[in-house]
Amino acid sequence: MAEEVIILKDLKLVPDKYYDYTPTLRNSKTPIVIDNGSFTCKAGWATSNAPNLIFKNILARPRKERGKKDGETLIGNDIANIEAVRFQLKSQFDRNVITQFNVQEQIFDYTFSHLGIDTNGSINHPIIITEPVANPNYSRLLMSELLFECYHVPGICYGIDGLFSYQHNGLNEKTGLIVNCGHHTTHIIPVIKGIPDLINSRRIDVGGYHITYYLHKLLQLKYPAHYNAITPSRAEELLYEHGFLAVHYTDVLKQWSDAEYYDSNVKRIQLPYSMAVILTPDQQRDKRREMAKKLVEMNARKRDEKLAEDEEQVHQLLMIRDMIEDGEPIEEVKEVLRSHGLKNEKDLRKLITDLQTRIDRAKSKIAAASHNASNVEEHVTEEPKLRFFKNKIQLPKEESISKAWLKDIYKKRQDIIDKKTVRKQRRQDMAKRGTAASLERMRLISQLARKDKRDDDFGSRDEDWDVYKVINKEGGDTDSEEEQEKISELEEVLRFYDPTFVSSNTNEEQNPKEAHQLHFGIERMRCTEILFQPSIIGCGQGGISDTIEFILKKYDAQTANNLAENVFLTGGPTKLPAFKERVYRELREMRPLETNINVKLSDSPILDAWFGAKEFANKQDFHKYLLTPEMYAEMGGDYFIENSCSNIYCPLPEAVQEPEGLSELNTEI
C-alpha cells in the first residue's frame, strides 16, 4: 500500500476585497465583463489583466429565528464554511439556465459593490455577459429587464462562454469542434470557418456537479461509519486533486482488480479525527473535585431560589392576614384568598405555619452545608475503587504493583484477542474457495454424505461435536459474550493501575488515525466516467464521444474531417488528467483510418471565457453589438444584437388576433 497519507486541505474561502472606483474608471465607459457561470462567477473591468472577482455563484440566506432579526445574506467567498450552511444555499440557476432573478440581483449587487461602483441608482458602464447555448428568450428578457430597469446600464452584450474561449485561443477563423464541459451541462458546438453552427450543437445534461455528487455518494456508501465526515466539499476536493479520466476504462478496471496494482495506486485520504484524552490519576482527582464543587454550588443555588420563593409567598400571605385583622370587606378578602387557592382563614394560617417551618428547615440546611463545604474536597480526593468483577480477577494485595503482574494481565488480554483474530481469519478462509480450511471442510462433508456408510450414528458421540464445528460455515467457535466481558474487565484493571494504557481491542481504537482513512482507489476514475457513460447515473443521454459521433455524421466527409482536426476542450472538468487523451482515443476509434485528429486543451479552461469576452469588449466596433435601452423599449425584452460569439436571435411569435366574427362566435359558444 502507498505509504503517503494525504491530508485534506479543507480550504476556507477568503472574502473578496473592495476595489477602488478610480476617477479614470468613473469618467469612462469601460465595459464590465461578467462570465456568469453556474459554478463560479468571474467579473472585472475590460482593462484588467485578470478577473477582479472570482467567487462561487451562490448565496446563503440564514433562516429567520423567532424573536431575532434576519441574518446577513452571505455571497460567494463571504461564506467561510459552506458545509455549515449547506441547506441554506441558493443559486439563480436551474441546471445552466437562470430562473431565480431575485438571487441574480443580489449577485449583481455583490459584484458591483466589490468593483467599487458607488454611483447612485445606476451603473454607467456597458456590460458584456455570458449565457448558455440556446438560452430561452424569457430568461434573456428578465436579464435585460433587471440590468436596464434596476441598474440603468447603458448597454448589454450577450455571448456564449465556449465561443469566447475558442476565440481567445486563436481559433476564431478555423473550423473546429468545441467541447464545453460546464458545471451542470456539457455543450458540443461545431464551428464552420469561424461561424458557430448552433443548429447542429447539442447539450448533454451531465457536468462537474454530477461527477462530484456521484463521488460523494460512492464514498458515503463505501464508508458508512464516516457518513457525516464525507461532505460534498471534500468530494469536490478529492475529484479535482486526485481524480482522472481512464483512457481505456475497461482495461484500467482489470488493472485495479489486481491486488498489487491497487496497493501501489490507491490514495489514502486522512479524515479529521480527535484522539481520546487519557487523564492521569492526579487529573482525574482534580476533575472529580471540580465536579463535586459544581454540584454543591448548583444545589446551593436551587435551595436559595426555593427559599426566596417561599419567603415571598409568606410575605404575601401575611399581608392577607393583616387585611383580615384590619377588618377589610369580606368580599375582597374572599377574592384574595381564592386567588391563592385558599378557602378560609383557617387554611391561610395553616399554610403560613407550613411555609415558615419549611423556611426554618431550609436555613438550617444552608448553614450546615456551608459548615461542611470545607470537607467536600477531603471526600473527593479519595481514590476510585474498582467495581466488583464477575470473573473475579485476582487483584494484588500489596500496595506496589509489580511489572510482572501487569505484564500477566496484558498477556491474558492479548491471548483472548488473538483467539478472536484466529476465528475471524478462519471464517474468512471458509468463505473463499481453494483455501486449506475450505478444502478440509468439503472433504469432511463428502465423507459424511457418502452412501456406503453402514451405521448413520453421527451425533451420538461427543467427538462428533468437534467435527461439526470444523464443517460449520462460521469456522468453529463463535465469539462469546464471556470473552468480551473478560476483555472489558482486564482493560478496566489496566486502566486503573496503568494510566498510559489505551483501552482497545478493535482496530479503530488501537489506531484511530488509520480508522479515519479513506482508500480512494477505483472511485478516482469511476466518478469521471459518467461524462462518457451517463447511463452510470441513470441518464438516458449519450456521452461526449457518442454525441461527437452523432454531430460529425451530420456533415459531409471533408467537413467532418476538418472538425476532427481541431477539437477544442474548455470548461472546468476538462482539467482532469487524461481528459484530452480520452477524447483523442474515442475520436481515433470512430474516425476512418489515417484521419488527422488533433485535440487541443484550453490554456486556462476556467478563465479563458472571461479573457475572450474581455478581448471582444476591447474591439473598436464593440459599441455596434450593444443592446441599448432604446432598442430594449422598442424591440422587446428578448431582443439582442447578434455577434460572432452569441446565440441566434429567434423572436417570440407575435400574438395573432382573431377575426371579429370568429371572436363573437367563440363568445356565443
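A residue counts as buried when its relative accessible area is under 20%. By that cut-off, 41% of the 669 residues of the chain are buried. The model is predicted.

**The chain as a whole**

The chain holds 25 helices and 19 strands. Its accessible surface comes to about 39,200 Å², and carbon and sulfur atoms make up 51% of that. Among contacts with a separation of 6 or more, 71% join residues 24 or more positions apart.

**Strand 18 and its partners**

Strand 18 spans residues 567-570 and is covered on both faces. Val567 and Leu569 lie on one side, Phe568 and Thr570 on the other, and all four are buried. Strand 18 pairs with strand 12 (residues 176-181) in the parallel sense, over four bridges. In that pairing, Leu569 of strand 18 stands opposite Val179. Strand 18 also runs parallel to strand 19 (residues 599-601), joined by three bridges. Here Val567 has Val599 of strand 19 as its bridge partner.

Strand 1 and strand 16 (residues 267-270) run parallel and share three bridges. Ile7 stands opposite Gln270 of strand 16.

| Strand pair | Bridges | Direction |
|---|---|---|
| Strand 12 and strand 18 | four | parallel |
| Strand 18 and strand 19 | three | parallel |
| Strand 1 and strand 16 | three | parallel |

**Two crossing helices**

Helix 4 (residues 161-168) and helix 23 (residues 608-617) have axes that come within 7 Å. The axes cross at roughly 75 degrees. The two helices are therefore roughly perpendicular to each other. Helix 4 brings Asp161, Phe164, Ser165 and His168 to the contact. Helix 23 brings Asp608, Ala609, Phe611, Gly612, Ala613, Glu615 and Phe616. By class, the contact has five nonpolar, three polar and three charged residues.

Technical notes: Residues are numbered from 1 along each chain as its sequence is written. This is a predicted model: local features need pLDDT of at least 70, side-chain atom pairs count only at pLDDT 80 or more; totals for chains, interfaces and linings use all residues. Side-chain values use heavy atoms; hydrogens and water are left out. Buried means under 20% relative accessible area, exposed over 50%, partly exposed in between (1.4 Å probe, protein chains only). Contact means heavy atoms within 4.5 Å. Accessible areas come from the Shrake-Rupley method with a 1.4 Å probe; for residues, only the protein chains shown count as cover. Axes are lines fitted to C-alpha atoms, for helices over the stretch in contact, and angles run from 0 to 180 degrees between N-to-C directions. Angles under 35 degrees count as roughly parallel, over 145 as roughly antiparallel, 65 to 115 as roughly perpendicular and the rest as oblique. Ala, Val, Leu, Ile, Met, Phe, Trp, Tyr, Cys and Pro count as nonpolar, Asp, Glu, Lys and Arg as charged, and the others, Gly among them, as polar. Two strands pair if DSSP finds at least two bridges between them.
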